Amino acid sequence: MDTGKTENEAKPRKMKRITKGMVLGFIILAIFCCQAVYLISYAFTATQAGQTPHVQAQQGATPTPAEYVWITIAGEVNEPGEYKLKRGCTVRDVVERAGGFADFADVDKRQCKAQLWHDQEVEIKRQNNFRVRADGTVYPFVDGKLNINLGTKQDFIDLDGIGEKTAEKIIAYRSDHYFYSLEELMEVPGMTPKLYEKLMEQVTLDYQDY
């Protein structure tokens with residue numbers, strides 16, 4: 001009698017443990033299903049709105065039109081017009097795209113460093129204070145020094161230490177690279193440190209104010 005009673009009492013306890021395990025498993029399954037539904041719903045909503053998931057957007061990233069700007073330049077440059085440049089460009093950048101400064105451009109070094117924005121217009125002004133020689137060229141000397149952006153081939157030949165070939169090289173370099181500083185003379189092919197030092201006493205970037 002005692003043995004049978006013990007077996008009958010043990011059965012409810014075993015069934016109770018099985019019920020708790022089933023409930024726990026159901027809860028875990030329900031949580032997993034809710035997360036899956038949320039992720040699917042998010043992806044569907046983003047697609048409907050014309051968006052893409054964050055990971056896909058990074059993998060498929062490409063340059064956008066906003067990385068470039070259109071700049072219009074006029075005045076004393078060799079090739080006025082409209083140019084496409086990278087955002088963050090400066091006046092100097094667009095001047096170089098426009099073929100460089102014209103001979104009588106009024107160059108402002110501070111203006112050259114100014115940053116430009118989309119659809120901006122730039123005008124390079126002409127020097128309005130200069131004296132013209134009989135042959136039509138600008139008188140390029142200031143206090144006895146030659147303006148290297150205005151001097152003719154003969155003007156350079158007349159300098160101490162400059163021959164015809166060196167004068168031609170300076171003029172050729174200037175046609176492609178407007179001089180922003182006297183130090184840029186060292187970029188001229190064939191220029192030596194000794195000749196450069198001699199030129200520093202004879203040349204300038206200033207122009208005479210009349």
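These legends accompany close-up views of a predicted model.

**View 1. The whole chain, with its confidence.**
The model is predicted, and the mean pLDDT of the chain is 77. Of its residues, 66% reach 70 or more. Over residues 46–64 the pLDDT falls below 50. Beyond near neighbours in sequence, that stretch has two contacts in the model. Seven helices and six strands make up the listed elements of the chain. Along the sequence they follow the pattern α-α-β-β-α-α-β-β-β-α-α-α-β. The chain has 210 residues, and 27% of them are buried. Take the contacts between residues at least 6 apart in sequence: 46% of these join residues at least 24 apart.

**View 2. The three-stranded sheet.**
Three strands form an open sheet in the order β2-β1-β3, with mixed pairing. β2 (81–86) and β3 (121–124) stand at the edges. Each has a single partner strand, so one side of each lacks a neighbour in the sheet. On average, neighbouring strands of this sheet are turned by 35 degrees against each other, direction ignored. Strand β1 (residues 68–75) and β3 run parallel, joined by four bridges. T72 has E121 of β3 as its bridge partner. I73 stands opposite V122 in β3.

**View 3. The two faces of β3.**
Which residues of β3 lie on its covered face, and which on its uncovered one? V122 and I124 are on the covered face. E121 and E123 are on the uncovered face. In a regular strand, side chains alternate between the two faces of the sheet.

**View 4. The largest nonpolar core.**
The largest nonpolar core has 19 residues. I71, I73, V95, F101 and I124 have the most contacts inside it. β1, β2, α3 (91–97) and β3 each give two or more residues to this core. A second, separate core has 18 residues, including L159, Y173, F179 and V203.

**View 5. I73 and its contacts.**
Leaving out residues up to four places away in sequence, I73 touches P80, G81, Y83, V94, V95, A98, V122 and I124. Among these contacts is V122, the residue of β3 that I73 stands opposite. I73 is also one of the residues with the most contacts inside the largest nonpolar core.

**View 6. A98, a buried loop residue.**
A98 lies in the loop between α3 and α4 (109–112). Is A98 buried or exposed? A98 is buried, because its relative accessible area is 0%, and buried means under 20%. A98 touches I73, V77, N78, E79 and Y83, again leaving out residues up to four places away in sequence. A98 and A74 are 24 residues apart along the chain. Their C-alpha atoms are separated by 9.1 Å.

**View 7. E76, in the loop between β1 and β2.**
The loop between β1 and β2 holds E76. With a relative accessible area of 18%, E76 falls under the 20% cut-off and so counts as buried. Its contacts, not counting residues up to four places away in sequence, are F101, A102, F104, A105, I124, K125 and R126. Of these, F101 and I124 are among the residues with the most contacts inside the largest nonpolar core.

**View 8. Helix α7 and its two sides.**
Helix α7 (residues 193–200) has the buried residues L195, Y196 and L199. They cover an arc of only 105 degrees around the axis, so they sit on the same side of α7. An α-helix has 3.6 residues a turn, so residues three or four places apart point the same way. What covers these buried residues includes α6 (164–176) and β6 (203–204). P193, K194 and E197 are exposed, on the face of α7 turned away from its buried side.

D119 is not a glycine, yet it has a positive phi of about 65 degrees. D119 is found in the loop between α4 and β3. Its relative accessibility is 53%, so D119 counts as exposed. D143 is also a residue other than glycine with a positive phi, near 55 degrees. D143 is found in the loop between β4 (141–142) and β5 (145–147). At 74% relative accessibility, D143 counts as exposed.

Conventions. Residues are numbered from 1 along each chain as its sequence is written. This is a predicted model: local features need pLDDT of at least 70, side-chain atom pairs count only at pLDDT 80 or more; totals for chains, interfaces and linings use all residues. Side-chain values use heavy atoms; hydrogens and water are left out. pLDDT is the predictor's confidence in each residue, from 0 to 100. Contact means heavy atoms within 4.5 Å. Two strands pair if DSSP finds at least two bridges between them. Axes are lines fitted to C-alpha atoms, for helices over the stretch in contact, and angles run from 0 to 180 degrees between N-to-C directions. Buried means under 20% relative accessible area, exposed over 50%, partly exposed in between (1.4 Å probe, protein chains only). The arc is that of the directions from the helix axis to the C-beta atoms. A nonpolar core is a set of buried Ala, Val, Leu, Ile, Met, Phe, Trp, Tyr and Cys residues joined through side-chain atoms within 4.5 Å.
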